[in-house]
Amino acid sequence: MIVSGTRSFAHQKSIWERKWGRTRYMGWSEIEKAVDILSYSSMPGTSRHHWGTDMDFNSLDNSYFESGIGLELYDFLHRYAGEFGFVQVYTSKNGGRSGYEEEKWHWSYMPTAAPMLHQYNQLVNT
């Protein structure tokens, strides 16, 4: 089941604002809050979901994909999704990857996403 696909700026903004307002952040500086939220969530305007190329499957919790039906789905995606152009973009950081934390639920359609990512990186790095 796709639990999240294409997101508008307003939708991503509502996700960010909901997280920003969490009581767990009481007493945190704005920078500390932003860094923590950025572990898993993009700021509005920077999400790959804006491109219409990325989707989240079944659960937004990595542990779901470690046993039972979740593990079966995750194994299936690893075996076959690449044949259709899909990859898990936020993988384990054990190999030195930086950025967002691992998201076993988040998969991207790379034939479209790769050129968009290239364009995005050019804009951000200029």
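This is a predicted model: local features need pLDDT of at least 70, side-chain atom pairs count only at pLDDT 80 or more; totals for chains, interfaces and linings use all residues.
1. Residues are numbered from 1 along each chain as its sequence is written, and side-chain values use heavy atoms, leaving out hydrogens and water.

2. K13 is joined to E17 by a salt bridge whose closest N and O atoms are 2.7 Å apart, the term meaning a side-chain nitrogen of Lys or Arg within 4 Å of a carboxyl oxygen of Asp or Glu. Both residues belong to helix α1 (residues 9–20), where they are four residues apart, about one turn of the helix; helices are DSSP runs of H or I with at least four residues, numbered from the N terminus. E17, at 44% relative accessible area, is partly exposed.

3. By this rule there are six salt bridges, and another of them links the side chains of R24 and D36 at 3.0 Å, N to O. Because R24 lies in the loop between α1 and α2 (30–37) and D36 in helix α2, the pair ties together parts that are twelve residues apart in sequence. R24 is partly exposed at 45% relative accessibility, and D36 is partly exposed at 25%.

4. R48 and D54 also form a salt bridge, with the closest N and O atoms 2.9 Å apart, and here both R48 and D54 are buried.

Conventions: Helices (H or I, at least four residues) and strands (E, at least two) are DSSP runs, numbered from the N terminus. Buried means under 20% relative accessible area, exposed over 50%, partly exposed in between (1.4 Å probe, protein chains only).
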